[in-house]
Amino acid sequence: MAHPRLLLNAQPFGFGPAAATAILAEELARLGCVLDYVGEAHTLDLQHTPPYRTIHDWTDLPEGERLARLTETARAYDLFVTAMDFPAAALARRAGLDVAVYDALTWFWPEIPAVARDTVLYLAQDFFGVRERIQADPALRSRALVVPPLIPPRRTWRPGRHVLVNLGGLHNPYWTTDDAVAYARLMLDAVRAAQPVARPLVATASRRVAAGLADPAVGTYDHAAVLDLMGSAAYACMTPGLGHIYDAAATGVPTLWLPSVNESHPAQASRLAAHGYCDAHLDWADLGQAVDAATPTPDFLAAVAANVRRTSATSALRETLTTCIAKLTADLGRAPGRARSLTDRFGHGGTRRAATALVRRATAKEESDG
């Protein structure tokens with residue numbers, strides 16, 4: 001039997017989807033799959049050959065050209081697998097491909113995108129409310145599999161001297177790279193100024209943000225390297241994306257969650273705090289610049305960008321930001337982070353379970369075509 005042939009993809013919003021696809025690709029390759037990737041912009045930062053044979057860059061390609069390319073190559077693949085790029089999933093279905101979706105935000109969407117009900121497999125990463133939502137949706141339930149987070153077994157936190165500032169996940173279609181760089185510079189400068197002693201800082205960012213910062217402390221790392229940096233950090237400062245949250249759970253690093261850069265962040269940070277999994281959290285409201293998470297995504301990001309520009313340009317606000325960070329991190333590093341208990345609640349090792357399910361679906365397609 002030929003090896004299953006999969007075309008992988010990730011939503012260009014934050015680093016979580018791109019990281020999930022890269023993690024799944026490594027496991028799918030170990031299971032004998034033939035893999036290609038198609039995607040755009042910063043999602044390409046985390047995709048590599050191998051495990052892919054070919055990486056197709058469709059940055060700035062119009063929808064019609066994307067559809068034409070998918071249609072032309074559809075027969076070369078048994079399955080199209082996307083991490084949360086629902087428009088790409090819809091294009092793949094129009095091109096005649098079977099589609100599987102990995103979704104880290106099943107719990108969050110006001111409405112789960114309709115294309116999720118037109119997939120052969122819907123992989124929902126477990127979190128508060130996920131199982132209840134799927135159970136209440138018969139059409140989704142028939143094709144859904146709830147999987148633990150895509151993280152390795154919980155490791156022992158062994159703190160060193162450095163502070164990790166994780167600035168991955170800042171890119172999205174609703175604000176510019178300049179806005180992302182400005183946020184990264186503001187937070188990095190504040191964390192650096194907040195150190196009571198001269199701790200070395202190590203910062204992670206996309207290639208474009210790293211280039212914009214031109215700071216020797218900033219680099220672009222693969223997921224395994226980021227986990228190592230977390231597991232050996234005195235503490236971490238990160239945006240409260242779900243990928244970062246589960247990485248903190250896997251490594252046990254105590255964490256300050258930084259002000260939100262998309263509308264799912266406030267809800268995620270609130271749920272962590274409500275259930276006792278949060279070490280420290282800094283919100284825009286703490287700086288007197290509250291952002292309503294209920295506003296549409298473009299308006300939310302416009303408000304965040306305005307906050308970044310205002311704070312960057314105002315010495316009193318910068319001082320307030322630094323003071324808040326110093327206060328919230330003063331006791332971090334004395335014990336493992338509270339997020340580590342998330343693995344007791346939602347498990348780990350979802351990568352193998354998700355990849356095995358994808359191989360099963362791709363193989364079923366291959367056998368039916370054969």
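I began with a helix pair: H2 passes H3 in a right-handed crossing. I call a crossing right-handed if the near helix is turned clockwise from the far one by less than a right angle, and left-handed if anticlockwise. Helices (H or I, at least four residues) and strands (E, at least two) are DSSP runs, numbered from the N terminus.

A note on the source: this is a predicted model, where local features need pLDDT of at least 70 and side-chain atom pairs count only at pLDDT 80 or more, while totals for chains, interfaces and linings use all residues. Residues are numbered from 1 along each chain as its sequence is written, and side-chain values use heavy atoms, with hydrogens and water left out.

**Helix pair**

I looked up the geometry next: H2 (residues 63–73) and H3 (residues 86–94) pack at about 50 degrees, with axes 9 Å apart. Axes are lines fitted to C-alpha atoms, for helices over the stretch in contact, and angles run from 0 to 180 degrees between N-to-C directions. H2 and H3 are therefore oblique to each other, a word left for angles that are not under 35 degrees (roughly parallel), over 145 (roughly antiparallel) or 65 to 115 (roughly perpendicular).

Which residues meet? From H2 I listed Glu63, Arg66, Leu67 and Leu70, and from H3 Leu91, Ala92 and Arg94; contact means heavy atoms within 4.5 Å. I sorted the residues of this contact into four nonpolar, three charged and no polar. Ala, Val, Leu, Ile, Met, Phe, Trp, Tyr, Cys and Pro count as nonpolar, Asp, Glu, Lys and Arg as charged, and the others, Gly among them, as polar.

**Cavity**

On a 1 Å grid over the protein atoms alone, a cavity is a set of points where a 1.4 Å probe fits but cannot get out; a pocket is an open set with protein on both sides within 12 Å along at least five of seven lines; lining residues have an atom within 4 Å of a point. Grid points are joined across faces, edges and corners, and a volume is the space filled by probe spheres set on the points.

The largest cavity has a volume of about 30 Å³. Its lining is Leu8, Asn9, Thr21, Leu24, Val81, Thr82 and Ala83, and strand S4 gives the most, three residues.

My last entry is the second largest pocket, with about 390 Å³ of space. Of its 22 lining residues, Ala22, Ile23, Glu26, His223 and Ala224 are closest to the centre. H1 supplies the largest share of that lining, six residues.
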